[in-house]
Amino acid sequence: MPILLRDFPTPWDRTPKLKRPHKVHELLNILKHYPDMNFILIGDSGEHDVDYYKDVAQQYPDRIMAIYLRSVNHDKKMARVKSIADTFTICPMLLVQESKEAVIHAREMGWII
């Protein structure tokens, strides 16, 4: 069963906006519903994923094993994300060009086979 962290509103949807972004809301729900599981967060450096994932890792430092952010071609955004990743100490936060870099890291850590 897929778990979507992105909201796809329809024109007729009149649901009130959440106080926190949909992605964060859903991610926190997943963490609450699966209290015995640890997670690796995967996103990109172009949107707000670095901020969302950083905040969630700070709330659940023992449950977030790593944060992988796919790099985007935007120098200003990349500089900001890199500065956050370089100083983040709760878990590994890696900027990757391709998914295979995240896979290699996760294998080296023993999280996947």
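Here are legends for a few close-up views of this predicted model.

In this predicted model, local features need pLDDT of at least 70 and side-chain atom pairs count only at pLDDT 80 or more, while totals for chains, interfaces and linings use all residues. Residues are numbered from 1 along each chain as its sequence is written, and side-chain values use heavy atoms, with hydrogens and water left out.

**View 1. His105 and the residues it touches.** Look for His105 in helix α4, residues 99–109 (helices are DSSP runs of H or I, at least four residues, numbered from the N terminus). His105 is buried at 14% relative accessibility (buried means under 20% relative accessible area, exposed over 50%, partly exposed in between, with a 1.4 Å probe and protein chains only). Leaving out residues up to four places away in sequence, His105 touches Tyr68, Pro92, Leu94 and Trp111 (contact means heavy atoms within 4.5 Å).

**View 2. A salt bridge between Asp49 and Lys23.** Their side chains meet at 2.6 Å, N to O (a salt bridge puts a side-chain nitrogen of Lys or Arg within 4 Å of a carboxyl oxygen of Asp or Glu). Asp49 sits in helix α2 (residues 49–59) and Lys23 in helix α1, so the pair ties together parts 26 residues apart in sequence. Asp49 is buried at 3%, and Lys23 is buried at 19%.

**View 3. Asp86 and Lys82 in helix α3.** This salt bridge has its closest N and O atoms 3.0 Å apart. The two residues are four apart in the helix (residues 75–87), so about one helical turn separates them. Asp86 is exposed at 54%, whereas Lys82 is partly exposed at 43%.
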